[in-house]
Amino acid sequence: IAVAYAEGDYYASFIPAGYAAERDSKIYASVQTAIDATDAAPVVLLANSDEDVTISNAVTIKGSNLHLHSMTVTNSGDLTLDGPLNVNALYLHSSMGNSSQVHNANLLTTNHTYFDLTLEPYQSKAVPRKWYAFSVPFHVDISTGVRKATAPTMRLTNQADYLIWEYDGMLRATTKDNGWTPMDHGTLSPGHFYMLGIASTDNVWRFISTDDVLGGNATLPVYEFPSNTPNRGWNALANSQSVYSSVSIDGIHYAQVYDNASPNGKYIVVPLSSSSFAMACPFFIQAKTDDILSLTENTFGTIYAPQHGYNTDEYFCEVQLLQNGTRLDNVYLTAHTDASYTYELGKDVIKLMGESDESYIWANGYGYRLCAQDLPMEDNVSYSLTLFAAQSGTYTLSATMGYLYYYGTLLADLSGLKARVVRRSISSYF
């Protein structure tokens, strides 16, 4: 008896020849069609396939140690692997604060893994070149593994087609300089913070892995780098995991991330307690002792959309500087009963400054510009803020959720506060 099967048919106890995948008891000749099906069940690979598949949503694949020709996980793709899978080439993406996610990265690439990083829109006024913060989710040989995605076979030359700088916390601590050093050669590593300098308008860059497996360490070492307060303990790190991760380290409450979308480059402060970092997202923390930082798979929202809250033993507020509805900068203000009027590393955070052509807001305290300030809980807590405007105009100061609370009582509503300012001079120190 001859039995004809069509893709999507149900099957009983055997798999007809020519079918590559099964999902929710339905069989498919195409793995991609199975991935795109609306079923919530995992995709079970049934045979090796020469397909090039793309994952742009959440899906679980049971690999069964089988082989696909290539796999692309877009910046909205969310892949969970159940069992080992082999691919000839794996393409990962990061764009606009979102990145590919690969959970249980039991995946072997027989050729290469590629990481395509879309930089924020190029700013034509950045002369002679624009700097972008970045990291990588695997090791990359600078001499062979940095390309433009639009010309992936063309080998580029470091120091001519682009510049890469790496941060050295010990250098800053000992020389009181900014800590950045050029990388002429060598290897880019996951968990490290780099700056990419380009003078072209090509905004998608490709990094090629020297590893045949995916997945970085879940912990990163941090160091005190003893020095005076402004230069002590600055660690430049990155999410080395292939998933969105939260960051935790004892006594440290904030990180600073580089805003690649700003016209000239600047840092934004985010609270560690409620922020997730996309794959290969770099960040700064100021550590007060040698310690271990933990990366835990978690999705609060991306670094550009952290969630906020408050509890009954503190008040907590993010004050944002906006112009025409666009956030330009921010500062965090908190108060606790055990806080002091001296700089407490981890609670108070010195602001990392970018270019002088950017607009800023900071808290004034202890002789420093602060992006986070923690003061003692008293009946009247007062903060001194400075607003620097890169150009004349109308700016808005707004608090997230619009309010400051203390034991459930409204202290202030900043959401309607506006200020008209005239440009003033500023010195850049980071």
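Thr72 sits in strand E6 (residues 66-73), where strands are DSSP runs of type E with at least two residues, and helices are runs of H or I with at least four, numbered from the N terminus. Keep in mind that this is a predicted model: local features need pLDDT of at least 70, side-chain atom pairs count only at pLDDT 80 or more, and totals for chains, interfaces and linings use all residues. Numbering starts from 1 along each chain as its sequence is written, and side-chain values use heavy atoms, with hydrogens and water left out.

- Thr72 is buried, at a relative accessible area of 17%; buried means under 20%, exposed over 50% and partly exposed in between, using a 1.4 Å probe and protein chains only.
- Setting aside neighbours within four places in sequence, Thr72 is in contact with Val53, Thr54, Ile55, Tyr91 and His93, contact being heavy atoms within 4.5 Å.
- Leu214 belongs to the loop between strand E19 (204-208) and strand E20 (219-222), yet Leu214 is buried, with a relative accessible area of 7%.
- The C-alpha atoms of Leu214 and Thr109 are separated by 8.4 Å, though the two residues are 105 apart along the chain.
- Gly251 is also a loop residue, between strand E22 (245-248) and strand E23 (254-259), and Gly251 counts as partly exposed because its relative accessibility is 22%.
- Beyond its neighbours within four places in sequence, Gly251 is in contact with Lys288, Leu345 and Gly346.
- Between the C-alpha atoms of Gly251 and Glu344 there are 9.9 Å, with 93 residues separating the pair along the chain.

**A four-stranded sheet**

- Strands E12, E18, E15 and E16 form an open sheet in the order E12-E18-E15-E16, with antiparallel pairing; two strands pair if DSSP finds at least two bridges between them.
- At the edges are strand E12 (130-134) and strand E16 (180-182), each pairing on one side only.
- Neighbouring strands in this sheet are turned by 30° against each other on average, direction ignored; axes are lines fitted to C-alpha atoms (for helices, over the stretch in contact), and angles run from 0 to 180 degrees between N-to-C directions.
- Five bridges join E12 to strand E18 (residues 194-198), and the two run antiparallel.
- Tyr132 has Leu196 as its bridge partner in E18.

**Nonpolar cores**

- The largest nonpolar core has 57 residues, and those with the most contacts inside it are Phe193, Phe277, Phe283, Phe284, Ile285 and Leu293; such a core is a set of buried Ala, Val, Leu, Ile, Met, Phe, Trp, Tyr and Cys residues joined through side-chain atoms within 4.5 Å.
- Strand E28 (residues 326-336) gives the largest share of this core, five residues.
- A second, separate core has 48 residues, among them Leu45, Leu92, Phe134 and Leu188.
- Leaving aside neighbours within four places in sequence, the contacts of Leu293 include Ala218, Leu220, Val247, Phe283 and Ile285.

**Cavities**

- There are two cavities of 30 Å³ or more, a cavity being a set of points on a 1 Å grid over the protein atoms alone where a 1.4 Å probe fits but cannot get out.
- The largest cavity holds about 250 Å³ of space, where grid points are joined across faces, edges and corners and the volume is the space filled by probe spheres set on the points.
- Its lining has 22 residues, of which Ser94, Leu117, Ala133, Asn260 and Pro282 lie nearest the centre of the largest cavity; lining residues have an atom within 4 Å of a point.
- Strand E11 (107-118) is one of the strands that supply at least two lining residues of the largest cavity, and E11 gives the most, with three.

Technical notes
On a 1 Å grid over the protein atoms alone, a cavity is a set of points where a 1.4 Å probe fits but cannot get out, and a pocket is an open set with protein on both sides within 12 Å along at least five of seven lines; lining residues have an atom within 4 Å of a point.
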